[in-house]
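Please look over the sequence and the model shown here, and keep both in view while you read.

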Amino acid sequence: MTDKSNEIPEELLLQEKRLLRGTHSVEPAGGLAHKLMVSKQRGTPLRIKLGLDPTSPDIHLGFAVVLRKLRQFQDLGHQVVLIIGDYTALIGDPSGRSATRPMLSQEEVAANASTYVDQLSRVLDRSRTEVRFNGEWLGKLDFASVVGLLSRMTVAQVLQRHDFKERFEQNHPISLHELMYPLSQAYDSVIIHSDIEMGGLDQTFNILAGRELQKEMGQEPQIGLFMPLLVGLDGVKKMSKSLGNYVGIAESPIDMFSKLMSITDEMMRDYFVLCTDIDLDEMEALLKDCASGVTNPRDVKRRLAQEVVTIYHSKEAAIEADAECIRVHSSRELPTEIPSAVVPAEVIEEGKVWICKLLVSTGMASGTGEARRLIQQGGVKLDGEKVADATQLISVSQLEGAVLKVGAKRFVKLSVS
RNA sequence: GGGGAGAUACCCGAGUGGCCAAAGGGGACUGACUGUAAAUCAGUUGCGACAGCUUCAGAGGUUCGAAUCCUCUUCUCCCCA
């Protein structure tokens, strides 16, 4: 791939440019154009690998960053190979973690995997997607082969990886089996003859390990295409299932929309670039107006949220969600759909219910202590009336059909059993 | 195999006989304000209709009194071999 770079046709360079939107880096640099050209010359689509870790079934926007990139490749005729890490899930990927991951049972893995594939089709083109379970080959390795594989990597190499290094230096436990993770992922690349492996930046080590192993085993090495990690809703850590700071791609338009509206102003750019298809020049203009005070950042966020909801649902759903969120959050009115809750009979005494018990029994507070606190802080309203007294008893006749509101955004419609 | 260190509330982490329901931070929640749901500021954050009750890995023990001292158990880390 050394001296041919100037021969790359214009068309492929354009493709490359589009494919590089939002990417963090390509390893080795320039490798993408080379792969595209090889594919064109041979007339075979590229095999683009993505490993999935079926630990938890929700696919979130952070992960979708990578998926959407895969879709771009598919639209150019390339083949996506998804590796469901059913076998490696038994190990637990240590990437980006400071603690050992729990191992999963086979049943959990299987259940998660099927949910995964289901959700994936929201982004990917199924006809150009091959789904493989790495247990298919990893499960067949005997001990001698495993040891043989292990001999291709040294402890020093593995300890280079920052998360291992960190844990090692801080005296946090590292189990031996975790050290095998990069190698087993690398072996996946060998088996499926991967041309490109996609991943978040946290996958750098694993993906490069794949390159090394392929080279050692006489294959043309894959290139690594790295996407930046999307910052989670907390604005600090990467978006992840286990941290709970995520937006799932299967979530309802309303949930998606309102979560996106709660990101900090600084996060908007990344979200636009990585989670939407918005024209980048247009985005710059929006952000500029926002910074200069011409536009309320809230409205730029609305645009962002609309773009995202449109991708996973529809334009109509986005507009609806927008209106709904404005109604609830900006105007602080009642949402159109209010979940209902039944007031259980055991909290009713002589036709009356203590307000704190009511809050607890309808799931609005975790204990009467919290309920009391919420009332004292003025966060509880019953049918629009602020509840001022935490000792208040409410007669049942007042409750049927009444709306109980806690904080700015939690509502239930009451009914008496 | 031997020696040492450690396990504290959602998380991190102080506390080494009573003043400890346990500092501080993070997170979460509520309120005020705003340009919004962001930012900022304030309050709350074991349970409890507030009298009390149950917590500091688990089980026993010492003591008027234990997160703190002793014994055993479980788990983790370090060092030596």
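This is a predicted model: local features need pLDDT of at least 70, side-chain atom pairs count only at pLDDT 80 or more; totals for chains, interfaces and linings use all residues.

Residues are numbered from 1 along each chain as its sequence is written, chains are lettered from A and ligands numbered from 1 in the order in which they are written, and side-chain values use heavy atoms, with hydrogens and water left out.

Begin with chain A as a whole, whose C-alpha atoms fill a box of roughly 85 × 55 × 40 Å when this is taken along the principal axes. Its secondary structure comes to 19 helices and 14 strands, where helices (H or I, at least four residues) and strands (E, at least two) are DSSP runs numbered from the N terminus. Of the 417 residues of chain A, 46% count as buried; buried means under 20% relative accessible area, exposed means over 50%, and partly exposed lies in between, with a 1.4 Å probe and protein chains only. If we look at contacts (heavy atoms within 4.5 Å) in chain A with a separation of 6 or more, residues 24 or more positions apart account for 71% of them.

The domain assignment of chain A gives domain 1 (5–227), domain 2 (253–330) and domain 3 (340–416), and such bounds come from an automatic or database domain assignment. Taken over C-alpha atoms, the centres of domain 2 and domain 3 are separated by 34 Å.

Consider next the interior, through the idea of a nonpolar core, which is a set of buried Ala, Val, Leu, Ile, Met, Phe, Trp, Tyr and Cys residues joined through side-chain atoms within 4.5 Å. The largest nonpolar core has 67 residues, of which Leu50, Leu61, Leu67, Leu70, Met198 and Tyr271 touch the most other members. Helix α3 (residues 61–75) supplies the largest share of this core, 8 residues, and the core draws at least three residues from each of domain 1 and domain 2. Apart from it lies another core, of 25 residues, among them Met364, Ala390, Val396 and Val406.

His60 has its place in the loop between β2 (47–52) and α3, and it counts as buried because its relative accessibility is 7%. A polar atom of the side chain of His60 lies 3.0 Å from the backbone nitrogen of Gly62, a polar contact (a pair of N or O atoms within 3.5 Å; within protein, one must be able to donate a hydrogen and the other to accept it, and residues adjacent in sequence count only if both atoms are side-chain atoms). Leaving aside neighbours within four places in sequence, His60 is in contact with residues including Met239, Tyr246 and Val247.

Lys259 lies in helix α12 and counts as partly exposed, because its relative accessibility is 26%. The side chain of Lys259 reaches the backbone oxygen of Tyr246 at 3.0 Å. Asp202, in the loop between β5 (196–200) and α11 (204–216), makes a polar contact through its side chain with the side chain of Lys238, at 3.0 Å.

Finally, turn to RNA strand B, which 28 residues surround, the closest being Asp265, Pro297, Thr368, Arg372 and Arg373; a residue is near a strand if one of its heavy atoms lies within 4 Å of it. Sugar and phosphate account for 64% of the atoms of RNA strand B that come within 4 Å of the protein. Which helix gives the most to this surface? It is α18, with 5 residues. The residues of the surface divide into 8 nonpolar, 13 polar and 7 charged, where Ala, Val, Leu, Ile, Met, Phe, Trp, Tyr, Cys and Pro count as nonpolar, Asp, Glu, Lys and Arg as charged, and the others, Gly among them, as polar. A phosphate oxygen of RNA strand B lies 2.9 Å from a polar side-chain atom of Asn296, and a phosphate oxygen is also 2.9 Å from a polar backbone atom of Gly369.
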